[in-house]
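Please walk through this structure with me, one region at a time. Keep the sequence and the model side by side as you read.

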Amino acid sequence: MFFDVDKKYAYTGDDLGANYSKDNTVFKLWSPLANDAAVLLYRTCTDEKPYRRMPMEKSKGGVWEKVAHGDLNGVYYTYEIRHDDITEETIDIYARSAGVNGVMGMVIDLEETNPAGWHNYHPEPMNSYADAVIYEMHVRDFSIDKSGNFCYKGRFLAFVEKGLMNDAGDSVGIDHLKDLGITHVHLMPCFDFQTVDESQIHKPQFNWGYDPLNFNLPEGSYSTNPYDGRARVAEFKRLVHALHCQGIKVVMDVVYNHTFATADSPFNKIFPKYFYRLWGAHGEYFSNGSGCGNEIATERIMVRKFIIDSLIYWATEYKIDGFRFDLMGLYDIETINEAYERLHAINPDIIMYGEGWTGGDSPLINAKRCMKLNARHTPNIAYFSDDFRDTVKGNNFENKSRGYVNGAQGVEEYVKEIMCGRIPHPQIPNLTKYAWAISPCQTVNYVEAHDNLTLWDKLAYTNPTESIETRKQMDKMAAAMVFLSQGIPFIQAGQEFLRSKPLPGGAYDHNSYHSPDIVNSIKWNRKTEFKDVYEYYRGLIEFRKAHSALRMSTVEDIGRNMKFFDRLPQRVVGFGLYNDCELEEMVVFLNPSPDPITLHAFEELNVYIDGQRAGNTPLYTVSGDYTINPRSVMVMGRPYSKAETIGQ
């Protein structure tokens with residue numbers, strides 16, 4: 001339907017939007033089939049009428065253009081566009097900032113929004129995606145609970161607050177993140193989303209943010225003043241800079257697969273139906289592969305350009321270090337691969353990963369979808385491993401379904417598959433045929449994320465009669481599997497102190513996208529209550545970062561250096577890891593059963609991780625017969641200079 005438009009009007013310039021200088025601002029709008037277009041200027045974002053209307057002129061590539069002389073820094077603007085007998089007013093889809101509720105774009109001098117030291121950021125390089133330790137969080141969740149004692153509750157600026165403690169004196173906020181040892185903070189949507197009323201930011205409102213409005217500017221409800229478009233830009237940059245100063249990289253959760261609005265969205269007002277996939281003989285229906293009533297047509301040339309332009313903008317203007325793609329199965333493979341190439345030309349360490357599925361049926365054919373089963377066609381993109389999640393804790397969509405750590409029987413071979421990164425492995429015949437990843441760097445290993453039950457709540461459903469101590473052991477074991485597996489470890493904020501989302505009546509919230517703060521907020525006092533769990537997660541991260549054998553990046557390396565043991569007791573999985581930076585051999589045993597097991601070592605071994613403690617300093621040594629406790633992991637190491645092989 002739009003093939004001729006792409007062929008005739010594709011525009012390759014990098015100057016769409018409002019291009020500011022102190023002498024003039026050049027407005028450029030791509031709307032090739034519009035009959036007329038104009039720029040409307042407003043002094044404030046609440047003015048009902050513009051103080052100036054400037055007709056635009058159509059130039060090559062279907063672009064409308066207007067040069068406005070003088071310094072327009074801080075002026076708000078919209079576009080007025082006529083298609084046949086319908087005239088619409090809309091925000092610029094390329095707007096760099098906006099006023100309250102994202103209705104009007106803002107002309108902005110971006111250099112004025114940079115914090116001190118902004119251009120001094122020189123990130124620590126990664127050898128591969130496997131070096132990352134990703135920590136997912138929601139901006140409001142991070143600081144809104146009173147136990148965190150933040151000044152800027154629910155705001156971007158909470159991330160710049162240092163020296164904060166919970167009621168018991170344990171560190172919270174950015175100090176906590178630094179101490180935990182994570183490498184990347186994954187921020188749930190921070191672009192401008194639609195369903196939180198920015199004019200009422202002092203009233204309790206919540207949404208995860210998967211309801212996009214303006215893709216190229218930060219969310220106003222997280223700023224201190226959503227009426228001033230400069231505040232949201234400057235304060236988000238301060239958040240990013242604060243994390244960078246602690247050596248923590250920033251991943252943005254991006255949702256280019258759909259918009260919240262459809263017929264009345266800015267995209268549809270600029271060029272009706274072009275930006276969306278359509279059903280019907282004449283394209284009369286918006287497709288619903290997102291499950292949200294609409295779906296962006298990523299394969300169209302100017303839609304692809306918008307997505308890549310936007311990613312590049314965040315990576316350059318805001319120094320974002322990575323991107324997580326919502327419902328990545330709705331993106332076409334060509335767009336994602338081109339985005340990778342363009343982004344890595346800017347920053348070779350940018351990480352890209354996402355959900356390898358859709359939310360419903362789509363007109364985009366399966367072969368072109370950026371899905372887990374097509375991962376071989378996107379070798380530099382990682383995918384969430386739902387295989388890992390469901391094997392460890394049980395089916396994500398059945399509350400009482402059990403996994404390896406909480407009671408499932410006969411899943412040892414699946415455990416081997418997930419621990420090696422779901423790649424082909426010479427000891428696992430099933431992976432020769434069914435491995436979907438061609439590199440461990442394509443698998444994001446997790447047992448908990450913002451959606452569905454937290455791990456702690458899942459354990460409450462699957463093991464309601466077990467004691468808290470027993471369930472803590474299950475939790476620690478699940479965490480150990482995340483950090484001891486090949487691939488990319490991922491946890492949700494608060495998971496390290498047993499995050500829970502309880503509801504009245506004893507149930508737990510599995511879909512808290514607009515639930516109140518009492519459900520979603522990080523309860524910082526839990527860090528003290530479950531200090532042993534926090535220290536365990538911290539120790540697991542420390543150990544993983546110290547050992548290259550846990551961060552192998554190729555199928556060949558893992559095939560040579562990861563050997564699974566035979567003849568172990570039922571339900572127990574064990575493997576050795578070789579070619580490590582610190583140890584000649586590392587041995588890992590997983591025992592999810594309620595009974596202890598006894599194994600034999602032919603020499604003295606250092607134990608670094610057991611069911612209670614973890615870290616990179618040896619806890620104790622074992623030799624001869626030794627016991628692995630119920631529902632426990634044991635990680636042992638032999639330093640270099642010893643040559644004998646550990647027996648089983």
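**From the sheet to the ring pairs**

Four strands make an open sheet in the order 1-2-6-5, with antiparallel pairing. Strand 1 (17–20) and strand 5 stand at its edges. Each has a single partner strand, so one side of each is left without a neighbour in the sheet. Bear in mind that this is a predicted model.

Take the pairing of strand 2 (residues 24–30) with strand 6 (residues 63–69). The two run antiparallel and are joined by seven bridges. Asparagine 24 stands opposite histidine 69 of strand 6. Leucine 29 has tryptophan 64, also in strand 6, as its bridge partner.

Now cross to the other side of the pairing list. Strand 5 (residues 57–58) runs antiparallel to strand 6, with two bridges between them. Here glutamate 57 stands opposite glutamate 65 of strand 6. Strands 5 and 6 form a hairpin, with four residues between them. In that turn, glycine 61 has a positive phi of about 70°.

Asparagine 149 has a phi near 55°. This residue lies in the loop between helix 2 (139–143) and helix 3 (173–180). Asparagine 149 is partly exposed, at 36% relative accessible area. Arginine 567 has a positive phi of about 55° as well, although it is not a glycine. Its place is the loop between strand 22 (562–564) and strand 23 (573–578). Arginine 567 counts as exposed, because its relative accessibility is 77% and the cut-off is over 50%.

Return to the loop between helix 2 and helix 3, where leucine 157 also lies. Is leucine 157 buried or exposed? Leucine 157 is buried, with a relative accessible area of 4%. Its contacts beyond four places in sequence are Tyr152, Thr224, Glu235 and Arg238.

Helix 3 comes next. Its buried residues include Gly173, Ile174, His176, Leu177 and Leu180. Seen down the axis of helix 3, the buried residues fall within an arc of 155°, so they line one face of the helix. An α-helix has 3.6 residues a turn, so residues three or four places apart point the same way. What covers the buried residues of helix 3? The cover includes strand 10 (134–137), helix 2, strand 11 (184–187), helix 4 (229–245), helix 14 (526–529) and helix 15 (531–546). Glycine 181 follows helix 3 and has a positive phi, near 100°.

Finish with the aromatic rings. The count comes to 42 aromatic pairs. In one of them, phenylalanine 565 and phenylalanine 589 have ring centres 5.7 Å apart and planes at 40°, so the pair is tilted. Phenylalanine 565 lies in the loop between strand 22 and strand 23, and phenylalanine 589 in strand 24 (residues 583–591), so the pair ties together parts that are 24 residues apart in sequence.

Tyrosine 274 has arginine 300 over its face, at 5.8 Å from the ring centre. Tyrosine 313 has the charged end of arginine 96 over its ring, 5.6 Å from the centre.

How values were computed: Residues numbered from 1 in each chain as written. Predicted model: local features only at pLDDT ≥ 70, side-chain atom pairs only at ≥ 80, totals over all residues. Heavy atoms only, no water. Pairing = 2+ DSSP bridges. Buried < 20%, exposed > 50% of the residue type's maximum accessible area, 1.4 Å probe, protein only. Contact = heavy atoms within 4.5 Å. Arc of directions from axis to C-beta. Phe/Tyr/Trp six-rings, centres within 6.5 Å; stacked < 30°, edge-to-face > 60°. Lys NZ or Arg CZ within 6 Å of the ring centre and 35° of its normal.
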